Amino acid sequence: QRCTKMLGKSLITPSLRHFSNAEGVTEGLETPKYSYMGFEKVKASEKDGFVRDVFLHCAEKYDVLNDGVSLGVHRIWKHELARQIGSMEPKLLRTHEGTLEHIPLKVLDVCGGTGDITFAIIQRASETKYFKNNGVLPLEITITDINENMLEVGKKKAEEMGYVGDFLTWIQGNAEELDFVESQSKDFYTVAFGIRNVTNKRKALKEAYRVLKPGGKMLLLDMSKVEIPIFREIYDRWAFTVVPWMARLLNNEHPYQYLVESAKVFPSQEGLHHMLKKAGFKHVVHKNMTGGIVSLHIATKSYQFNYRFCILSNNL
């Protein structure tokens, strides 16, 4: 396979290779000529294909691998993302007839893969008073991923968990071009361990800003920069020795070699904060978890007022 042939030569001890941990910080909206596939510099036009191949070969065992390499902690990280959404009670809207109508929260789960984030959100929504009183989940979730195999695994899991109905929509798509999503139509945009696989991260973040309603939030969970030196050394040894060993046991060495390397070249907390600001988000905060191995960024889209209209109205 073209991706495994390329990746097979790049697994090396982290102390021998140093990266700024700032891939994507200088990207513009135009797709760059080159990008990184782990530690390897590749043509940007080829990266999507490489990433698609990586997940094509590990889709069925992706959840098992995640549990193994993170010792199950990835589930805690993902549930924290869902918790940070806050209240999931549906909004009330008064109709022209004067009656009150419940409006479900609209969520876009990008790089949704096998559905972990979606299922964590559904679990929280099932605890709402509205669900307990009406038996209807107060949300609509669209799950999108560039890899159809990952989506198929997610659909199968949803059926097994009893999560079926019109409130779930699965669409194959690229985070850089969400043409199937209307502007200002989503309350929340979630993405976990997916932005680092995108060729043009700035373009993907601008798309996130576009599809969110004013006041909507983007919740971005991904690998980050470990801030405690001794913990960073332990993590690097784990990532570059234990993780590949576990992956080999499941005959999936090369995909996880890429995933480990991609984490090393992903922007730091500060770098990603800067990129979110450049994308248009005014209020951005982040929360480190497990010593900074991962970081959850929460970016809010501000309400935009028509000040010119307000001035004219005051002069009437």
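Analyst: Let us start with one term: a residue is buried at under 20% relative accessible area, exposed at over 50%, and partly exposed in between, with a 1.4 Å probe and protein chains only. Helices (H or I, at least four residues) and strands (E, at least two) are DSSP runs, numbered from the N terminus. This is a predicted model, in which local features need pLDDT of at least 70, side-chain atom pairs count only at pLDDT 80 or more, and totals for chains, interfaces and linings use all residues. Residues are numbered from 1 along each chain as its sequence is written, and side-chain values use heavy atoms, with hydrogens and water left out.

User: Which residues of helix α11 are buried?

Analyst: In α11, which spans residues 269-278, the buried residues are Gln-269, Gly-271, Leu-272, Met-275 and Leu-276. Seen down the helix axis, these buried residues fall within an arc of 165°, so they line one face of α11. The arc is that of the directions from the helix axis to the C-beta atoms.

User: What does the face of α11 turned away from its buried side carry?

Analyst: That face carries the exposed residues Glu-270 and Lys-278.

User: And what covers the buried residues of α11?

Analyst: The cover includes α8 (201-211), β9 (212-223), β10 (283-289) and β11 (294-300). As for what comes after the helix, α11 is followed by Gly-280, which has a positive phi near 120°.

User: Changing topic: how many cavities of 30 Å³ or more does the structure hold?

Analyst: There are 2 cavities of that kind. On a 1 Å grid over the protein atoms alone, a cavity is a set of points where a 1.4 Å probe fits but cannot get out, and lining residues have an atom within 4 Å of a point. Grid points are joined across faces, edges and corners, and a volume is the space filled by probe spheres set on the points.

User: How much space lies in the largest cavity, and what lines it?

Analyst: The largest cavity holds about 330 Å³ of space. Its lining has 30 residues, and those nearest its centre are Cys-111, Asp-145, Phe-193, Gly-194 and Asn-197. At least two lining residues come from each of α2 (44-56), β5 (105-110), α5 (116-125) and β6 (139-145), and α2 gives the most, with 4 residues. By class, the lining divides into 12 nonpolar, 11 polar and 7 charged residues. Here Ala, Val, Leu, Ile, Met, Phe, Trp, Tyr, Cys and Pro count as nonpolar, Asp, Glu, Lys and Arg as charged, and the others, Gly among them, as polar.

User: Where does α11 come into the second largest cavity?

Analyst: Helix α11, β9 and β11 each supply at least two residues of that lining. Gln-269 and Leu-272 are among the lining residues, together with others including Asp-222, Phe-266 and His-297. About 30 Å³ of space lies in this second cavity.

User: Is strand β8 mostly covered or exposed?

Analyst: Strand β8, residues 186-192, is mostly covered, with 7 of its 7 residues buried. Two strands pair if DSSP finds at least two bridges between them. β8 pairs with β5 in the parallel sense over 4 bridges, where Val-110 stands opposite Val-191. With β9, β8 also runs parallel, joined by 6 bridges, and Ala-192 stands opposite Leu-221.

User: Which strands form a hairpin?

Analyst: β3 and β4 do, with 5 residues between them, and Gly-98 in the turn has a positive phi of about 95°. β3 (residues 91-94) and β4 (residues 100-103) run antiparallel, joined by 4 bridges, and Leu-100 in β4 is the bridge partner of Arg-94.

User: Lastly, what does the whole chain come to?

Analyst: The protein chain has 12 helices and 11 strands, and 50% of its 316 residues count as buried.

Conventions:
Contact means heavy atoms within 4.5 Å. On a 1 Å grid over the protein atoms alone, a cavity is a set of points where a 1.4 Å probe fits but cannot get out, and a pocket is an open set with protein on both sides within 12 Å along at least five of seven lines; lining residues have an atom within 4 Å of a point.
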